[in-house]
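Let us go through this structure as a tutorial, taking one feature at a time and asking how each should be read.

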Amino acid sequence: MAESDKSPEKNDKEVQIPDSLPILPVRDIVVFPYMIIPLFVGREISIKAIEHALAGDRMILLLTQKDLSNESPAVTDLYATGTVGMIMRMLKLPDGRVKILVQGLAKARVKKFAPAETFFSATIEKIEEVKADTLTIEDEALIRTVKEQLDKAVSFGKTVLPDIMVVIENLDDPGRLADLVASNLGLKSEQAQEILEITDPLLRLKRVSEILSHEIELLIVQQKIQSDARGEIDKTQREYFLREQVKAIQKELGDIDERAEEAREFRKKIEEALMPEKVAKEAEKQLKRIEKMHPDSAEAATIRTYLDWLVELPWSKSTKDNLDIKIAKKVLNDDHYDLEKVKERILEYLSVRKLKDKMKGPILCFIGPPGVGKTSLGRSIARSLGREFVRMSLGGVRDEAEIRGHRRTYVGALPGRIVQGIKQAGTNNPVFMLDEIDKIGMDFRGDPSSALLEVLDPEQNFAFADHYLSVPFDLSNVMFITTGNLADPIPGPLRDRMEIIYLSGYTSEEKLGIALKYLLPKQLEEHGLTKKILEITDAALLLLISQYTREAGVRNLEREIANLCRKVAKRIAEGKQKIFKIDPANLKSFLGVPKFLPEEEMLRDEIGVATGLAWTEAGGDIIYVEATTMMGKGSLTLTGQLGDVMKESAQAALSYIRSRSESLGIKEDIFSKTDIHIHVPAGATPKDGPSAGITLATALASVLTGRPVSKNIAMTGELTLRGRVLPIGGLKEKTLAAKRMGIKKIIVPGRNKKDLEDIPKYIKKDMEFIFANDMDQVLKVALVTGKKSPGRKK
């Protein structure tokens, strides 16, 4: 850019600006009066405008685009104020573009855009510059300030041509000074357009002064940043140079220092570990300490071990999650039968991770009886995510240091097992399973469950402080999965931090599916057998499940299948037989007599005997509640190893029956002249819980009214003194127990109706559920009119 050698007065007199001019849209720049600038023009509409101008008085209106990225602007995309320019030279380039040299003459404003045919044009009016006759002290001060500011900006690194600086130094016209400074500051087009549109020269110069002030502040900060960076680079280069010199000297003397070599190795590992800044500072501090110590001192050994732990932890190493939902679902289905709720929760987590990169790992807690697949489910989750798997058992852990680690002041101190597990995984985002969380202990050495609060709290574990490390480690990317058999022993605050998912026991049909899909193929392979050699029918497996095992999970089932395979393998080895087919008829010859026999079925309706449903850790079961009366003084005897809750239920049931004696047709004096004995068979097995309330009341009502209880009905529900039937748990297992016994009708509390959705359709098939809200409804269905039954089927 260069300043025009013509004075403004001369330009105004010699150059007459017409009322209508072609328009040349320009990008990235605002052209000011007296400014000479080369422009490259490539758009067809702009070339036509230049050709029209050259054919006439060579004048053209230069308007800046509002949107620089717009390749085909309309007149509405142009600012209305611009500069009239004189095309001084024009050169056509080989690529079809045109290069022009244009000089700004004067500011102009568009009055009206003409309809666009081959190029833009407009009717314009010239913007007259307001000139003061004399300059005040303030005006002269402003002019001097702007010149000094520009000098200062140049001294801080702003690039302005020396010729321009000479012209500016000799300018006293505030308007022309403002335009010339603004055109050489490299302003954004919006700022430059703002200055162009200010007609008052002093106001325009004041705005330029403000922009210069801001520019100087930026240049000062920029220079400081560059100076600091240069100083840091110089310091690093100097240290590197000195170290290389020391190494060269030591090499020449044959005096390689082992300590220096060790320090170099540690320093290299610290750099490769990509530790957080705070951790790296601590590692460097400990490294400098060890450099000054004798290598055989005890403290040096302690620091060396500490540094080994720091450099080997995966501070920045992580595995990439497999976010393919279909593949993850296939892995989960291949590894586990059923467990739909757990699988759905993992797939939900993966779906959210697919939508959002950074999120905290979920903290899941699987609660269920032994053998239902809690631990193997954790491995399956890790496999579906493509993460490493780490398992830690909390059973019997009583020392807080097991979680948080020992302080380094102790001899033989180590980090806690959480940090050890992370190191073992080799990544900072493994699936970390904490087994048996309900069996964690507490003694004088501390409370491990309280230490786990920090580990399992997403708001705290991003900066987990292990006592040994003494620096925070981020556990927020770890997916923690805890397991337990019962939720009650887990302390409340710890339980509150986990998302509990309950895994109920498997039904016989589910166990059959697991045996066919997983257990049997596994045991056949482990015992060197094939399906051709050993075939076990579904009926034989169902018999094995019901009469040789009694559990919620499948561990004993797997043992019995392994036992069966061993028997077959032995017979094959003895040469007795080569192909075996196991069915219900010959199962006993391999496994011996059944270990568990099902409850005997009721032969007919009996007085004083009601069929109840119970939940056990091994699944559902039926119980018979027997009641009988005898002459006495009104006492109540309870036998069958009943727990306190069940005894209280029996007392409540008797009180309810007494309160309803008139409507039931029971004589009032019978309660004072008759002793009542309630017995629940299988006396060696402890029994407890409130869900036998309506069963106890039904047995009492039957024996006291002489009306038998229907043998085709089983029941479960808690009873209040007012006769209300309260909801119970374990409805799925209880329903299955009734189905196994051939009972098709079940009385359940009305508020348990919602739980039917969780029961599979194959279990509900052919079953009739009777929902009762009070005891009167139960008795109406359960009691039938008839004579005393002679007994049960033997």
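**Reading the sheet, a helix and the salt bridges**

Q: In what order do the five strands of the open sheet lie, and is the pairing parallel or antiparallel?
A: In this predicted model, the five strands form an open sheet in the order 9-10-13-8-14, with parallel pairing. Strand 9 (389-393) and strand 14 (499-502) stand at the edges, and because each has a single partner strand, one side of each is left without a neighbour in the sheet. From one strand to the next, the twist averages 20 degrees.

Q: Over how many bridges do strand 10 and strand 13 pair?
A: Strand 10 (residues 431-435) and strand 13 (residues 479-484) are joined in the parallel sense over four bridges, and valine 431 has methionine 479 of strand 13 as its bridge partner. Helix 13 (residues 374-385) packs on this sheet, touching strand 8 (363-367), strand 9, strand 10 and strand 13, and its direction makes about 175 degrees with that of strand 10.

Q: What span should the 19 residues of helix 20 have?
A: At 1.5 Å a residue, helix 20 (residues 555-573) should span 27 Å, and its end C-alpha atoms are 27 Å apart, which agrees. Among the buried residues of helix 20 are Leu557, Ile561, Leu564 and Val568, and what covers the buried residues includes helix 18 (508-526), helix 19 (538-547) and strand 16 (580-582). Just after helix 20, glycine 575 takes a positive phi of about 80 degrees.

Q: How many salt bridges does the count come to?
A: Taking a side-chain nitrogen of Lys or Arg within 4 Å of a carboxyl oxygen of Asp or Glu as the criterion, the count comes to 30 salt bridges. In one of these, the side chains of aspartate 179 and arginine 204 meet at 2.9 Å, N to O. Aspartate 179 lies in helix 5 (residues 174-183) and arginine 204 in helix 7 (residues 201-253), so the pair ties together parts that are 25 residues apart in sequence.

Q: Are aspartate 179 and arginine 204 buried or exposed?
A: Aspartate 179 and arginine 204 are both buried. In another salt bridge, arginine 660 meets aspartate 776 at 2.6 Å, N to O, which links distant parts of the chain, 116 residues apart.

Notes: Residues are numbered from 1 along each chain as its sequence is written. This is a predicted model: local features need pLDDT of at least 70, side-chain atom pairs count only at pLDDT 80 or more; totals for chains, interfaces and linings use all residues. Side-chain values use heavy atoms; hydrogens and water are left out. Two strands pair if DSSP finds at least two bridges between them. Helices (H or I, at least four residues) and strands (E, at least two) are DSSP runs, numbered from the N terminus. Axes are lines fitted to C-alpha atoms, for helices over the stretch in contact, and angles run from 0 to 180 degrees between N-to-C directions. Contact means heavy atoms within 4.5 Å. The expected span of a helix is 1.5 Å times one less than its number of residues. Buried means under 20% relative accessible area, exposed over 50%, partly exposed in between (1.4 Å probe, protein chains only).
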